[in-house]
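Here's a quick walk through a few parts of this structure. Keep the 3D view open while you read.

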Amino acid sequence: MKVNKTLTAVLALLMLATLLAACGSNKENASNASGAPSESAAGSKAPVKEVTLKFWSSLDPSSDQGKMIQQKVKEFDNSHDNIKIDLQVITYDVLHDKLVAAINAGDAPDLSWGLSEWFGEFNKLDALADLTSYVDGWAEKDKIYSNVLEALTVDGKVKALPNYLGIRALLYHENILKDAGISAAPKTWDELLGIAQTVKEKTGKEAFGIAGAGVRSPQELIMYLAQNDVVLAEKQSDGKYKNTWQDNPDQLSKAAEVFQFYQDLLDKKAIKTDARTWGWEEEDQNFVLGQYAMVVNGTWIEGRSSENPEGMKDVKIAAPMYKKTPATFMEIAPLFVYKSSHPAETWEFASFLLGADYQNAVNPSNAPRSDVVNEGWGKEFMELASQGVVFPAVSLGGITKVMEDSLARVMLKKEKPEDVAKWLSQAINDSLSKTGELSGS
Amino acid sequence: MLMSRRKQRFFKLLTYAVLLGFSVYCLLPFLWMFVTSIKPTDQIRTLNPSFWVDKPTWKHFDNVLNGSAFLTFFKNSLFVALATTVASLIISIFAGYALSRYVRFKGVKLFSVAMLLSQMIPGVLLLIPLYLVMKNLSLINTYASLILAYTTFTVPLCTFMMKSFFDTIAYEMEESAEIDGCSRIGIIFRILLPVSLPSLVATSLFAFLNAWNEFMFGFVFINDEAHRTLTPGISLFKGLYQTDWGSMMAASVLSVLPIVIIFVFLQRFLIEGMTAGSVKG
Amino acid sequence: MLTLREKKIRRLAIGFIVPALLFFLLLNAFPLVQVLWDSFQFKNLLNNALSGFSGLSNYAEVVKNEYFGTALKNTVVWTVLSVAGEYALGIVSAIALNQQIKGRTFFRGIIIIPWVVPIVIAGMTWTWMLTPDYGILNLWMVKLGILDEPYYWLGELNTALLTVVFVNIWRSFPFFTISLLAALQSVSKDILEAAAIDGAGVRRRFWHIVLPQLKTVSLTMIFIHIIWTAINFDFIWVMTEGGPLHSSETLPIMIYRYAMQEYNFGNASALASMMLGFMISGFILYYYFSVRKNRG
């Protein structure tokens, strides 16, 4: 009993102490917070007024690239007395939700990284600054790939800047193809389907890999659609968008051919059965491990050499195979610039991030600038920049989901390609209609 | 004795078998994390995954401790989680007592229903409203925002837990203390709490771990590294296209072990509370 | 009329719940009301063309969603299996840990490990271990002859949800263990001994003395866990994102998609309100039947 009493007393004391400590540190925080403005007030006595720019980046702090970004941003900060950069690292997993919460509360940062899929939505949320006049007055404007800049332009206004590019190319394990007696990577879908059986029989491995689920699956689907001359949604005369497959039997059958291609890949065992529901991690990892021969993928795979030097040493690059028109998916990771009270300073920093110096240091193999192309992987990927297709600048949240579902219908449920094409066409228009972006509505 | 010798031996063996099974189930992923954290990078993701490590390395631990802000995250998490635990424990002891002893009042009953309701809103829908509240209180990017939010999340369950533990304690004990002239708060602290020490430990463990593990709000409310907590901090090792598995697992191991060790020390209170309890005192 | 003493006690009772009430009002009441309010409003952040009172159209839209039925069914399966599994494992492990055996401290330490590992990390680790080509569990199962060839547990329509349930049980049962262990301490040794002397066997003592003592704690834990499991979505999101083809999608995942991917807070709130309604009616039904049973 005695022991218990003392123990309780100690516990109670501990609680109180911690609670007080908590209160104390809150006060400390409060005084810190109130201390900050007074500092800047002191700063305003000096000739230049310092502006703090909030910059949310998804850099990887443990990678060399991440360290380089932090260093470059610091250099900029040090060389500009009037601008202070508040760089925060936030992973892509949560960046989207954090941005949405902050934008809603009117508390958005000045600049942030982002994914191309968010562009249409953030534009619709009216969160992005109009950068047209700054970009037009910029001496290095013509160094940015023109189709990249165009993809970030809505109704003639530049609403975001390119941060880096993720162009996709065909990567292949040369040794697996050699073992199957094949000397060159296939150029068309039919060639790929034609060699699938040989590769499987001679090496025991599948010829190809896809991502049937997750964020990457719509990116691959839009590429295959483009390779067969079909687009997801077209801009109509009223400035809004529409999927026109159902109005046009030719397009519908071409879209169905794409879904047929997915089914053929499965039926001819050109891909593993599991690939029906692979996400990008499974797709990348199995390729890096040499579990199958070819994949359409990006430059980041090069970074896997450190993890799997053995599996990566025979990887070669070619243009993606196609059916009608050579095309590849070009991911334009945007640098979002939000509406703020100090646009000039923000642009000064943004143009630094787009500059040759920064891009050379940070994105040697995937820069949005035509004058920054390194030897090796980057060069072969950048040659494909002109055939890159991008998502339309509409709200994509609902659309990418139905695209993913359409693949599951084709591959898991084995529904007929024509039916799926029709279903997807309708689902895309439904989604456009919900966000008020459907033409004719 | 409660049972025969033979039966006793049988139950002892059975107990060991059961515990062994549970240990494997609980430990397997953790061991995998640990093994991953000491593997050289080129052995981590291979076609022949194995618990055997060829040339163990501490390089990932070195990277976590010296190459990242892990220690800051750890310190922040510890502070936030401790503050949350203390706050929710104090609040829920009183609320739980009221719920256990005074349900006859309408207001108390209504309150318990409201708390139950509040548990039914999915976290996603709290994200934006809570962000607004925190912004209006100028609490974005402070520890206080996290402590407030986590306390709110944990108080209802802690209250219900305390209530159900108080329910098992006979009211007569209090009455005799009341006659001795103890105040109500005195009764709670001097009579009830010592008896319900195991429950206090269980409840505070719950509050602590809830705050320790929370991810979403830890990321959304906090903007800078100096205030960031552990779980969001660890997830920074997950890059856009590539995950630094070695470092991520090393960081996870480092965040799990101290808590388990603290618990091992605490757990004896899980047993001692009642057996030395006040029925005899 | 209340007596003076009753009044005093009532004041005290209110004083005791005020701190908790403050937290509730500050951070919970507002979102709760907002959810109910928004569910009757047109509120799509991407589409300002429609606004104002919407009647039941949000509810209609949600119910008409092709996967609403699947998600509802999945939520029930997910909740019931998870909580049942957690409780079963929790009580078995609590009783085992309550025995006087060597190494008890050690086992108690081990058993809380799953609960301490951050959910994101645990989800990623399990996903990796369960993967067909480079996951250790698949490799072992093939070696031991349990499987003929590696199986994609998280990628097949019929196993994805069950696999996540398995991992969720792993994660949450220690919480039951600890709480039940704490409650087991309050089972009086004297009564047990007396019963043993009266000739009650081990099983009889367990069912008639130990279990009834655990009833309040068990019910509280089960109630709260039903709510939590039903609205929880972390593991599902980390491991399958509701796929493949919505086969592991629960209502909270749908709510998340409505809110954060389609920015349709009207629909999201309507679905959340419906979930609220389902759970409340479930509890009312339970209450009604348990009261009737007690009377009968």
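## A sheet in chain A

Let's start with a pair of strands: β8 and β11 of chain A run parallel and are joined by three bridges. In this predicted model, β11(A) covers residues 292–297. If you want a spot to look at, find A:Phe208, which sits opposite A:Met294 of β11(A).

Those two strands belong to an open sheet of four strands in chain A, in the order β8-β11-β7-β12, with mixed pairing. At the edges you'll find β8 (206–209) and β12 (315–318), and each of these pairs on one side only. On average, neighbouring strands in this sheet are turned by 20° against each other, ignoring direction. There's a helix to spot here too: α11 of chain A, residues 280–288, packs on the sheet. Helix α11 touches β7 (169–173), β8 and β11, and its direction makes about 135° with that of β11(A).

## Chain C as a whole

Over in chain C, you're looking at 13 helices and two strands. The C-alpha trace of chain C spans about 75 × 75 × 40 Å along its principal axes.

How much of chain C counts as buried? Of its 296 residues, 48% do. As for contacts in chain C with a separation of 6 or more, 67% of them come from residues 24 or more positions apart.

## Where B meets C

Now for the contact between chains B and C: chain B puts in 83 residues and chain C puts in 79. On the chain B side, helix α1 (residues 5–37) gives the most, with 14 residues.

What kinds of residues make up that side of chain B? Sorted by class, there are 60 nonpolar, 19 polar and four charged residues on the side that touches chain C.

## A closer look at B:His60

Staying in chain B, let's pick out one residue, B:His60, which lies in helix α3 (residues 59–67). Is B:His60 buried or exposed? B:His60 counts as buried because it has 26 C-beta neighbours inside 10 Å, and the cut-off for buried is 20 or more.

Leaving aside residues up to four places away in sequence, B:His60 touches B:Ser37, B:Gly246, B:Ser247 and B:Ala250. B:Met173 is another matter: this residue is 113 residues from B:His60 along the chain, and their C-alpha atoms are separated by 56 Å.

Technical notes
Residues are numbered from 1 along each chain as its sequence is written. Chains are lettered from A and ligands numbered from 1 in the order in which they are written. This is a predicted model: local features need pLDDT of at least 70, side-chain atom pairs count only at pLDDT 80 or more; totals for chains, interfaces and linings use all residues. Two strands pair if DSSP finds at least two bridges between them. Axes are lines fitted to C-alpha atoms, for helices over the stretch in contact, and angles run from 0 to 180 degrees between N-to-C directions. Two residues are in contact if their C-beta atoms, placed from the backbone, lie within 7 Å. A residue is buried if 20 or more other C-beta atoms lie within 10 Å of its own, exposed if 12 or fewer, and partly exposed in between; C-beta atoms are placed from the backbone. Ala, Val, Leu, Ile, Met, Phe, Trp, Tyr, Cys and Pro count as nonpolar, Asp, Glu, Lys and Arg as charged, and the others, Gly among them, as polar.
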